[in-house]
Amino acid sequence: MNTRRYVPVIASVLFGAAATMAAGWPSDYQGVMLQGFYWDSFNDTKWTNLESQADELSKSFSLIWIPNSARDQQGGGRSMGYTPVYWFTNHNTIFGTEAELRSMIATYKEKGTGIIEDVVINHRCGVTNWTDFPAETWRGTTYKLGPEHICSTDEVRNQSGQAKPTGAPDTGDDFDGARDLDHTSVAVQDNCKAYCKFLLEDMGYAGFRYDMVKGYAGKYTKIYNEYSVPEFSVGEYWDGNYDAVKAWIDATGKTSAAFDFPFKYAVNDAFASNDLTKLVWKANGTNPQPAGMIHYGYQQYSVTFVDNHDTYRDGSKFTGNVIAANAFMLCSPGTPCVFLPHWKSFKNEIKRLIAVRNAVGVHNMSAVKVLQSSKDCYMAEVTGANGKLVVKIGSAFVSPEGYTDDDIKTSGSDYCVWTKTNVEFEPVDPYESLPEKLYLMGHVNSYAWATDKGIEAVRDGSTYTFNNVTVNSSGTAFAGYFSFATTLGKTWDDVNSGDRYGASTDDESISTGESAAIVRYPADVNASSAKSWSARPYVYNITADLASMRVTLSSPSGIDDAAVDTDAEPEYYNLQGVRVDNPGPGIYIVRRGETVTKEMIR
C-alpha cells in the first residue's frame with residue numbers, strides 16, 4: 001500500500017485456502033496518523049464530535065487512533081478506558097454509545113480513513129471485584145477468564161477476600177491498576193485472538209495500537225497479529241533506547257510497528273538544549289540520519305510522534321517550538337502521528353506540512369540525506385515517490401543549493417520546506433479556528449478575576465478590542481493582571497472548559513505602546529495553566545490579534561480631553577487604578593459611563 005489512503009482489507013477464502021497477507025505495517029506507506037484524543041478529552045472527542053469532523057480530518061489523515069472503546073472499570077464515568085472489563089459485548093462509554101462508535105468508524109472508512117483501536121490486553125478488571133471477568137459470547141463461542149488466567153505474580157495474590165491467581169509468572173512488567181493476564185495460557189491467547197479479530201471484522205477497525213506492550217513478551221503480539229492479520233499494528237513500547245524498541249519489534253516477528261520513543265526523546269533533547277545536532281544519529285557510525293528508529297533498517301516499523309496523551313501530562317512533555325518539531329517529523333520517513341492538541345492549535349500550519357509531504361510522496365521508507373547539522377540548523381533532503389523536499393529546522397539563515405525562494409512551499413518560525421514538486425493547498429479560512437467571543441478577565445474595571453464577569457471584546461476579523469479598560473492594582477503589587485477567556489461561568493472549571501489566551505511567561509509585564517506574544521491554552525488540555533500579563537494600573541485600549549498572536553496596549557484617544565457625560569455618575573480611581581470613594585485634592589482617573597478622563601481635583 002503506497003498511497004496515503006486507508007484501504008480496508010477483507011479476509012476471504014479462495015479455492016478453499018485462506019487468503020494470506022503480511023500483518024504489521026505496510027512498506028512505502030505514505031499515510032499520516034492523528035491521535036484523535038488527549039487525556040480527559042471526554043467532551044472534545046466523543047464519537048459524534050469526531051464524526052462531525054470527518055470531511056476535514058480525512059483530507060489530512062489516513063489513520064486516526066482513538067481510546068479503548070470497550071466499557072471499563074469506571075462504567076460510563078470519566079475514564080480513558082485503560083482498565084477494561086468488557087471486550088466483545090459492551091462498547092458504551094463516556095465517549096458515546098456503541099451505535100455512535102460504529103457510525104463514526106463507518107463514516108471515516110467511506111472517506112478512506114481507518115480508525116485505530118487502543119487495544120488493552122495486558123491487563124483486565126472484574127465486573128464487581130478484582131477477578132470476576134465477564135463471560136462473553138461472539139460467533140457462537142463463549143470466552144470466560146478466571147483467577148487461573150491471572151499471573152501468579154499479580155498483586156491480587158496479597159489481597160484478602162480476593163481469589164488467588166494461579167497463572168504463570170508475568171512475562172513482562174507488572175501493572176498495578178488491574179489484573180495482569182497470563183499470556184502463556186492458551187485460553188488467554190484464544191480470547192485475545194478472537195478479540196482482535198472481532199475489532200477488525202465486527203467493529204470495523206483498521207488496526208491496533210497495543211497498550212503497554214512491556215507488560216507481556218513480544219512473541220504474544222506476534223501470535224495475535226498472525227491470527228487476526230491487521231494491516232496496521234503499533235505497540236506502545238515506552239523506552240527511549242533504540243536497541244530495546246528494536247528488540248521488541250523483532251520479537252513480534254515484525255508483525256507490528258512501534259511508537260518511536262527514541263525519536264520523541266531526541267526531539268525533546270534537541271529543542272530543550274538548543275542543540276539541533278541531537279536531531280541527527282550516525283547510523284552504522286558513519287551515515288548521518290534523523291535520530292530515532294527512523295534511520296534505515298527500521299523506519300518501516302517506526303511511528304513517530306512529538307507528544308501523546310501520556311507524555312503531554314508528565315515530565316516528557318515537549319515544551320519547544322511545536323510547529324518546527326512537527327515539521328521535522330512530517331518531513332522525515334516513518335509514519336508520523338500528529339497529536340490532537342497540536343493539530344487544534346496549529347491546524348493551518350500542519351495542514352500545509354502534510355500537503356507538502358503528500359505531494360512529494362514522502363513515505364515510511366524514504367531515503368534521507370542530511371545536508372547540514374549544527375546547533376542552530378538541521379537541513380536534510382528527503383526523497384519521496386514523486387520528488388524531493390528539503391527541510392530546514394532552526395534559526396540559521398541558510399538555503400539549500402539548487403533551490404530558490406520560489407521553491408519554498410511552507411515556512412514559519414525556525415522551519416522552512418523547499419520542493420520543486422507542485423503542491424496544491426486547500427483554501428484556508430484565516431478565521432476558521434478563532435473564537436466567536438473573547439472576554440478580558442483579571443484586575444479590570446471592578447471584576448477582579450470574577451469567573452462569571454468579564455469585558456467582551458469588539459471583534460473585527462482576527463482582532464479583538466477592549467476600549468477604555470481600567471487596570472486596577474492587585475493589592476499586593478503596583479500592577480494589575482489580566483488574560484483572555486472564550487467562556488465565562490460560575491467556577492474556574494466553567495472558564496477552563498473553553499480556550500484561554502495568555503502570556504508566554506508568568507506575569508509578563510507590558511506597557512503602553514508595547515506588544516507581547518499571546519499563547520493559546522486549549523480547553524481540557526491546559527487552560528487552567530494560562531499565564532497572565534501585568535500592567536501598571538491605568539486606563540488602556542487593549543487589542544488582541546489572534547492571527548499574529550500579539551496583544552497590544554495603547555492609550556485611549558481623548559482620555560484627557562474627551563467630552564464628559566455629565567449625566568453619568570462619576571467613578572474616581574487613583575493613578576494606581578484603585579477606586580476612591582471620597583477623593584481629596586489630586587489627579588484621578590474618572591469614569592463617567594463609557595467616558596474616561598484624567599482630571600485634577602483642587
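1. Starting with the α4/α5 contact: from α4, Gln 189, Cys 192, Lys 193, Ala 194, Cys 196, Lys 197 and Leu 200 meet Tyr 220, Ile 223, Tyr 224, Tyr 227 and Ser 228 of α5. Sorted by class, that contact has 8 nonpolar, 2 polar and 2 charged residues. Bear in mind that this is a predicted model.

2. On geometry, the α4 and α5 axes come within 9 Å and cross at roughly 45°. The two helices are therefore oblique to each other, and their crossing is right-handed.

3. Which residues of α5 are buried? In this helix, residues 218-228, they are Gly 218, Tyr 220, Thr 221, Tyr 224, Asn 225 and Ser 228. Looking down the α5 axis, the buried residues fall within an arc of 150°, so they line one face of the helix. As a reminder, an α-helix has 3.6 residues a turn, so residues three or four places apart point the same way.

4. What does the buried set of α5 pack against? The partners are α4 (186-203), β10 (207-210), β11 (232-235) and α6 (242-251). Just after α5, have a look at Val 229, which takes a positive phi of about 55°.

5. The other pair here is α7 (residues 261-272) with α8 (residues 322-330): their axes come within 11 Å and cross at roughly 140°. That makes α7 oblique to α8, and α7 passes α8 in a right-handed crossing.

6. Phe 263, Val 267 and Phe 271 make the contact from α7, with Ala 324, Ala 325, Phe 328 and Met 329 on the α8 side. By class there are 7 nonpolar residues in the contact of α7 with α8, with no polar and no charged ones.

Key: Residues numbered from 1 in each chain as written. Predicted model: local features only at pLDDT ≥ 70, side-chain atom pairs only at ≥ 80, totals over all residues. Heavy atoms only, no water. Buried < 20%, exposed > 50% of the residue type's maximum accessible area, 1.4 Å probe, protein only. Helix = DSSP H or I, 4+ residues; strand = E, 2+ residues; numbered from the N terminus. Arc of directions from axis to C-beta. Contact = heavy atoms within 4.5 Å. Axes fitted to C-alpha atoms, helices over the stretch in contact; angles between N-to-C directions. Parallel < 35°, antiparallel > 145°, perpendicular 65-115°, else oblique. Left-handed = near helix turned anticlockwise from the far one by under 90°. Nonpolar A, V, L, I, M, F, W, Y, C, P; charged D, E, K, R; others polar.
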